Amino acid sequence: MPQNSKKTVLIVEDNYQNMVLVKEILTLNGYETIEASSGTEALKILTERGSEIDIILMDLHLPQMDGITATRIIKSNARISTIPILALTASAMKGEEDDILERGFDGYVAKPIEVKKLVAAVSDSLEGRENGR
Ligand code: MN
């Protein structure tokens, strides 16, 4: 695999242990990662380096600006609105799943994080994007 074909994931997570875990899983599976610990930091990174980012993993509960607000802002900005956003959420009960999708997220990954589910969600979402789905 050529170096430049690596996909870049922006991880937005304020819990250190979750951040380390997600970063390690993605790195081991061939992804580049960029880290942000709040919604405002994520938006700053997207403003400066949005074209480098292929997919976003967004925690919902974050300091300064929560993940739902950050997602609403991202999805209203034409320059970055096509980047898929997966919610990182402990509340992935039926019904809440629909709520997450209605709020503009493209999918979710349930916490506690399971390696296979995280990797599958990220790769499925990236494939969907490339196929224009
Ligand atoms: Mn959090």
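How accessible is Glu52, in terms of relative accessible area? Glu52 is partly exposed at 40%, where partly exposed lies between buried (under 20% relative accessible area) and exposed (over 50%), with a 1.4 Å probe and protein chains only.

1. This is a predicted model, in which local features need pLDDT of at least 70, side-chain atom pairs count only at pLDDT 80 or more, and totals for chains, interfaces and linings use all residues. Residues are numbered from 1 along each chain as its sequence is written, and side-chain values use heavy atoms, with hydrogens and water left out.

2. The manganese ion has Asp14 (OD), Asp59 (OD) and His61 (O) as protein donors, at 2.0 to 2.2 Å. Donors are N, O and S atoms within 2.8 Å of the metal (3.2 Å for Na, K and Ca); water is not among the atoms, so sites may look incomplete. Asp14 is in the loop between strand S1 (8-12) and helix H1 (16-28), and His61 in the loop between strand S3 (55-59) and helix H3 (67-75), 47 residues apart. Helices (H or I, at least four residues) and strands (E, at least two) are DSSP runs, numbered from the N terminus. Asp14 is partly exposed at 39%, whereas His61 is exposed at 64%.

3. Eight salt bridges are counted, each being a side-chain nitrogen of Lys or Arg within 4 Å of a carboxyl oxygen of Asp or Glu. Among them, Glu52 pairs with Arg49 at 3.0 Å, N to O; Arg49 is partly exposed at 34%.

4. Lys75 and Asp106 form a salt bridge, their closest N and O atoms 3.0 Å apart. Asp106 lies in the loop between helix H4 (96-102) and strand S5 (107-110) and Lys75 in helix H3, so the bridge ties together parts 31 residues apart in sequence.
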